[in-house]
Amino acid sequence: MQKKSVRYLVQAALIAALYAALTLALQPISFSATGQVRVSEALTVLPFFTPAAVPGLFVGCLLANLIGGYGILDIVFGSLATLLAALAARKLRRWPYLVPLPSVLFNAAIVGPMLSYVTGFPMLPTVGYVVLGQLAACYVLGLPLLYLLRRYDKILFRMDP
């Protein structure tokens, strides 16, 4: 039992670190209100493999938004969008092609309006930019990542000792 919980914490921590590092390394495109493509959002397919991805993605997003985001609103609402998307993605494991969709939808509904408010840009174009960026990250990068990792999921994401 203890090995299982240690493995869970290590997986969550690694996912959090990877999400934050990718977001911050690509900061110019990760935090743009007009054309934001957060490459780290490709990792939102990881709840397909492990429940540890849910807190991992949330903490990684929280850390990235604390360091390089749009302030308290981004810290709260951006991280909340990632948490909700990760929880929903975990529920969609039966349909792999739908796993990236919650990230697109929750970010459009939560981050788009928040960015519009924070930046003063018009709402519809800002939401549209978020949707396009999320589609690129989650479907162009994330879905192929999901299918690639499925080949190795027993090795990479196993939870048994």
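Colleague: Which helices do the buried residues of H5 pack against?

Modeller: They pack against helix H4 (72–91) and helix H6 (123–150). This is a predicted model: local features need pLDDT of at least 70, side-chain atom pairs count only at pLDDT 80 or more, and totals for chains, interfaces and linings use all residues. Residues are numbered from 1 along each chain as its sequence is written, and side-chain values use heavy atoms, without hydrogens and water. Helices are DSSP runs (H or I, at least four residues), numbered from the N terminus.

Colleague: Which residues of H5 are buried?

Modeller: Buried means under 20% relative accessible area (1.4 Å probe, protein chains only). In H5, the buried residues include Val104, Ala108, Val111 and Leu115.

Colleague: Where is the kink in H5 centred?

Modeller: A bend is the angle between axes fitted to the seven residues ending at a residue and the seven starting there. H5 has a kink of about 40°, centred on Ala108. Just after H5, Gly120 has a positive phi of about 85°.

Colleague: Which residues touch the most other members of the largest nonpolar core?

Modeller: In soluble globular proteins, nonpolar side chains tend to be buried together. A nonpolar core is a set of buried Ala, Val, Leu, Ile, Met, Phe, Trp, Tyr and Cys residues joined through side-chain atoms within 4.5 Å. Here the largest has 16 residues; Leu46, Phe49, Leu57, Val99 and Leu146 touch the most other members. Helix H3 (53–68) is one of the contributing elements, and gives the most, four residues. Apart from this core lies another, of six residues, among them Val111 and Leu115.

Conventions:
Helices (H or I, at least four residues) and strands (E, at least two) are DSSP runs, numbered from the N terminus. Buried means under 20% relative accessible area, exposed over 50%, partly exposed in between (1.4 Å probe, protein chains only). Contact means heavy atoms within 4.5 Å.
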